[in-house]
Amino acid sequence: MESIGDTETRLILIRGNSGTGKSALALAIRNSLPRGVAIIGQDLLRRNVLHVLDTKPSLAADYIEISARFALDRGLHVVVEGILREDIYGDMLRRVISSHQGITRCYRYKISFQETLNRHITKPNAAEFGENEMRQWWRDDDGLVGVEESIIGPDQLLVDTVAMVIDDCGWRPLGSRSTHTR
């Protein structure tokens, strides 16, 4: 299998049910660092760009893999975020993770359905879908087989989670250094 990125690139995977905070975390990570962090969002690529259903075989999985490879091979750090169900995206994610030459960190939100609903109603797109759709998409425990994922629980604040990810990746947040190598 062909290697992806280099020893300096970071690959961050953020998974979890709809409405748990994945996109907010990805954006907060990027905003904590200088330029050079690409966010590859499953929803954006699957729903807005490709306009396909979330089924297997998955055009979206292929597109996410191509996008991650493209960015990492050009020296960008990458955050892949989405529900990213194990049964549809697992093989692709394991391929990307095992091929990446740099630091890879994987996180999964594990939050109750009720807390997820509470978070969803605060989002700008809350009117686009609701409880019924979220119940259809819900996965009680969708760990990525063979991959160590750090669990993000309901009591973890966004600011603390961002600090954890930054530290796990060996970065220092914006403002604590004067230059950035990327």
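**A helix and what it packs against**

The buried residues of α4 pack against β1, α2 (42–50) and α3. Keep in mind that this is a predicted model.

**Helix α4**

- Which residues of α4 are buried? They are E86, I88, Y89, G90, M92, L93, V96 and S99.
- You can check the length of α4 yourself: at 1.5 Å a residue, its 14 residues should span 20 Å, and the end C-alpha atoms are 18 Å apart, which agrees.

**The sheet**

- Five strands make an open sheet in the order β2-β3-β1-β4-β5, and the pairing is parallel.
- β2 and β5 are the edge strands, as each of them pairs on one side only.
- From one strand to the next, the twist averages 20°.
- How many bridges join β2 to β3? There are 5 bridges, and the two strands run parallel.
- Two places to look along this pairing are V37, which stands opposite H77 in β3, and G41, which stands opposite E81 in β3.
- Helix α3 packs on the sheet, where it touches β1, β2 and β3, and its direction makes about 160° with that of β3.
- Although β2 is an edge strand, 4 of its 5 residues are buried, so β2 is largely enclosed by the rest of the structure.

**The nonpolar cores**

- In soluble globular proteins, nonpolar side chains tend to be buried together.
- Here the largest nonpolar core has 23 residues, and the members that touch the most others are I64, V78, V80 and Y89.
- At least two residues of this core come from each of β1 (10–15), β2 (37–41), α3 (59–73), β3 (77–82) and α4 (86–99).
- Which element gives the largest share of this core? That is α3, with 6 residues.
- Take I64 as an example: leaving out residues up to four places away in sequence, I64 touches I40, Q42, L45, V80, L84, Y89 and M92.
- Another core, of 18 residues, lies apart from the largest one, and I12, A28, V37 and V79 are among its members.

**Aromatic pairs**

- The model has 2 aromatic pairs.
- F113 and W138 are both buried.
- F129 and W137 also form an edge-to-face pair, with 4.9 Å from centre to centre and 65° between the planes.

**A closer look at T161**

- You will find T161 in helix α7 (residues 158–168).
- T161 is buried, and its relative accessible area is 1%.
- Setting aside neighbours within four places in sequence, T161 is in contact with L25, I152 and Q156.
- T161 and R135 are 26 residues apart along the chain, and their C-alpha atoms are separated by 26 Å.

**Backbone features to spot**

- Most residues other than glycine have a negative phi, and most peptide bonds are trans.
- The peptide bond from K56 to P57 is cis, with omega near 0°, and P57 lies in the loop between α2 and α3.
- H51 is found in the loop between α2 and α3, and its phi is near 55°, a positive value.
- With 69% relative accessibility, H51 counts as exposed.
- L84 also has a positive phi, near 45°, and is found in the loop between β3 and α4.

Note on methods: Residues numbered from 1 in each chain as written. Predicted model: local features only at pLDDT ≥ 70, side-chain atom pairs only at ≥ 80, totals over all residues. Heavy atoms only, no water. Phe/Tyr/Trp six-rings, centres within 6.5 Å; stacked < 30°, edge-to-face > 60°. Buried < 20%, exposed > 50% of the residue type's maximum accessible area, 1.4 Å probe, protein only. Core = buried A, V, L, I, M, F, W, Y, C linked by side-chain atoms within 4.5 Å. Contact = heavy atoms within 4.5 Å. Expected span 1.5 Å × (residues − 1). Pairing = 2+ DSSP bridges. Axes fitted to C-alpha atoms, helices over the stretch in contact; angles between N-to-C directions.
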